[in-house]
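Here are my notes for your review. Please read them with the model open.

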Amino acid sequence: MIQELGFFEAVEARRSVRIFDQESEFDHSVVQKCLEAAILSPNSSNMQLYNFIRVPESSPLKGPIAKLCMGQKAATTARELVVVVTRRDLWKSRAKANFEYIQSSYEGKPDKKLKQALGYYGKLVPTLYSKYPGWSLIKKLISFTVGLKRPMVREVGETEVRISVHKSAALASMTFMLAMKASGYDTCPMEGHDSKRISKLLNLPSGAEICMIIGCGKGLPEGVYGKRFRIPSEELILEV
Ligand SMILES: Cc1cc2nc3c(=O)[nH]c(=O)nc-3n(C[C@H](O)[C@H](O)[C@H](O)COP(=O)(O)O)c2cc1C
């Protein structure tokens, strides 16, 4: 019987596990449950620009994708793979969904707060996410110029927008991995893969990018490669 863990127990117990048990039963519905938890994660502007593509062991794509994870055992022995895909390309429909949600769920008279929220998804988000030739440079120049006079967000170029979308996908991935551990299963995040070939195999649209691929299963003890190593916390956690 699988025992559920509390938050700190799950954080402590989670390791990247590279070899998964092939014998014991794997409850694929737990992956769905943990992904449902993952999508509750904080994400930039609530744009939810991601997909989580489930590739269970029964899928004809599981073997080929595992091979394209450079044959890593964390992928070949995984009972299910989750391909975390960023969807920067969906910004218009996500902005529209947020706009319409705010509009329809607002109670009371239209006021400044509502106008601001609608302006956020109607104007600011399109300014940040739109793509025209030279637009990235123009945004950076505007940010630089405004920033000379007052505090200003600097991460406005196309690269920073992509990073922001990946940040949100990575946060959701973390929630997923902790939820899996709390549910008695193990995971291994992987960026060691041929993203170009996997994108083609999954027929991903241009503009979609693979953030990471997560191998899932019941870990075997030999799947944990060594004791956990961390730099002393004084070097990582600073206070000013
Ligand atoms: C974005 C990311 C990519 C990773 N890619 C790989 C990978 O391709 N193969 C692998 O074996 N481990 C991979 N790892 C796992 C790390 O090596 C592991 O998290 C780190 O060594 C710390 O160990 P722990 O997760 O057991 O605490 C990745 C981790 C992250 C967060």
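1. Basis. This is a predicted model: local features need pLDDT of at least 70, side-chain atom pairs count only at pLDDT 80 or more, and totals for chains, interfaces and linings use all residues. Residues are numbered from 1 along each chain as its sequence is written, and side-chain values use heavy atoms, without hydrogens and water.

2. The sheet. Four strands form an open sheet in the order E1-E2-E4-E3, with antiparallel pairing. Strands (E, at least two residues) and helices (H or I, at least four) are DSSP runs, numbered from the N terminus. Two strands pair if DSSP finds at least two bridges between them. E1 (50-56) and E3 (186-190) are the edge strands, each pairing on one side only. Neighbouring strands are turned by 25° against each other on average, direction ignored.

3. E3 and E4. Five bridges join E3 to the antiparallel strand E4 (residues 208-217). Cys188 stands opposite Gly215 in E4.

4. Packed helices. Helix H2 (residues 28-38) touches E1 and E2, and its direction makes about 175° with that of E1. Helix H8 (residues 158-182) touches E1, E2, E3 and E4, at about 10° to the direction of E4. Axes are lines fitted to C-alpha atoms, for helices over the stretch in contact; angles run from 0 to 180 degrees between N-to-C directions.

5. Thr77. Where does Thr77 lie? Thr77 is in the loop between helix H4 (73-76) and strand E2 (80-87). Thr77 counts as buried because its relative accessibility is 13%; the cut-off is under 20% (1.4 Å probe, protein chains only). Beyond neighbours within four places in sequence, Thr77 contacts Arg18, Ile19, Phe20 and Gln22. Contact means heavy atoms within 4.5 Å.

Note on methods
Buried < 20%, exposed > 50% of the residue type's maximum accessible area, 1.4 Å probe, protein only.
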